[in-house]
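Colleague: I would like to go through this model and ask what stands behind each label. Please show it first.

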Amino acid sequence: MSRRGGIIATIIQNFRNSLSAPKLTTKLVGADRSGNKYFEKEDDKSHNLRGSRWVEPPDGDQWSVPDVPTEWNAWLRGRRKRPPTQEEIDRNYALMMRTIHRAKELEEKEEGGSSSKRVEGGASYTSDVAPDEDSSKKKFPVFPEYEITPGDLDKRREKK
């Protein structure tokens, strides 16, 4: 029993399929604040073709790498099935801006109160970590022979 007819028929069928490859439709899924546009081609199981997702920057330059927000990056990499909604993007942007604002406030607060107290034996206690003498919190010692920031000890030696 010969299977020639089956093999030849399969080859001819595959050749016909390759000539009439389906045109996958490209659809615009969304855009972000930066002007990046996100596209998707859905997969075609009948022709064994995988879908794809990509981003196009606003200037149209194919070789530049656009700055992609986290939500869209997860969608591009296939970590999430659906693209992010505008409400989700706005909520995450508001959280990011709040975090940045709080970080700036904390930096300003730390710059304003960076005094330290000296005790006997050459050790000093930072006022941020160890408040007043009456406090029940333990104090964290800072010794002059140990550097807090790398290279700080070398700068002090050069001054002497």
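Modeller: The accessible surface of the protein chain comes to about 13800 Å², and 52% of that area belongs to carbon and sulfur atoms. Keep in mind that this is a predicted model.

Colleague: How many helices and strands does the protein chain have, and in what order do the elements run?

Modeller: There are four helices and six strands. From the N terminus on, the order is α-β-β-β-α-α-β-β-β-α.

Colleague: What share of the protein chain is buried?

Modeller: Of the 160 residues, 13% are buried. As for contacts between residues at least 6 apart in sequence, 20% of them join residues at least 24 apart.

Colleague: Why is glutamate 40 called buried?

Modeller: Its relative accessibility is 14%. The label applies under 20%, so glutamate 40 counts as buried.

Colleague: Which residues does glutamate 40 touch, leaving out those up to four places away in sequence?

Modeller: Among them are Thr25, Val29, Trp54 and Trp75. Arg53 is also on the list, and the side chains of glutamate 40 and arginine 53 are joined by a polar contact.

Colleague: What makes that pair, glutamate 40 and arginine 53, a polar contact?

Modeller: The distance is 3.3 Å. The cut-off for a pair of N or O atoms is within 3.5 Å, so the distance between glutamate 40 and arginine 53 meets it.

Colleague: How do you know that strands S1 and S2 pair?

Modeller: Five bridges join S1, residues 26–31, to S2. Pairing needs at least two bridges, so S1 and S2 qualify. They run antiparallel. Lysine 27 has glutamate 40 as its bridge partner in S2, and leucine 28 has phenylalanine 39.

Colleague: What lies between S1 and S2?

Modeller: Five residues, and the two strands form a hairpin. In the turn, glycine 35 has a positive phi of about 100°.

Colleague: How many aromatic pairs does a search of the whole structure find?

Modeller: Three. One of them is tyrosine 38 with tryptophan 72, whose ring centres are 4.0 Å apart with the planes at 0°.

Colleague: Why is the pair of tyrosine 38 and tryptophan 72 called stacked?

Modeller: Centres within 6.5 Å make a pair, and planes under 30 degrees apart count as stacked. With 4.0 Å and 0°, tyrosine 38 and tryptophan 72 pass both tests, so the pair is stacked. Tyrosine 38 lies in S2 and tryptophan 72 in helix H2, residues 70–76, so the pair ties together parts that are 34 residues apart in sequence.

Colleague: Are tyrosine 38 and tryptophan 72 buried or exposed?

Modeller: Tyrosine 38 has a relative accessible area of 0% and tryptophan 72 has 2%. Both values are under 20%, so both residues are buried.

Colleague: What makes tryptophan 72 and tryptophan 75 an edge-to-face pair?

Modeller: Their rings are 5.6 Å apart, centre to centre, with 90° between the planes. Ring pairs link Tyr38, Trp72 and Trp75 into a cluster.

Colleague: Where does arginine 33 lie?

Modeller: Arginine 33 lies over the face of tyrosine 93, 4.2 Å from the ring centre.

Notes. Residues numbered from 1 in each chain as written. Predicted model: local features only at pLDDT ≥ 70, side-chain atom pairs only at ≥ 80, totals over all residues. Heavy atoms only, no water. Buried < 20%, exposed > 50% of the residue type's maximum accessible area, 1.4 Å probe, protein only. Polar contact = N/O pair within 3.5 Å; in protein donor to acceptor, adjacent residues only side chain to side chain. Contact = heavy atoms within 4.5 Å. Phe/Tyr/Trp six-rings, centres within 6.5 Å; stacked < 30°, edge-to-face > 60°. Lys NZ or Arg CZ within 6 Å of the ring centre and 35° of its normal. Areas by Shrake-Rupley, 256 points an atom, 1.4 Å probe, with all protein chains shown as cover.
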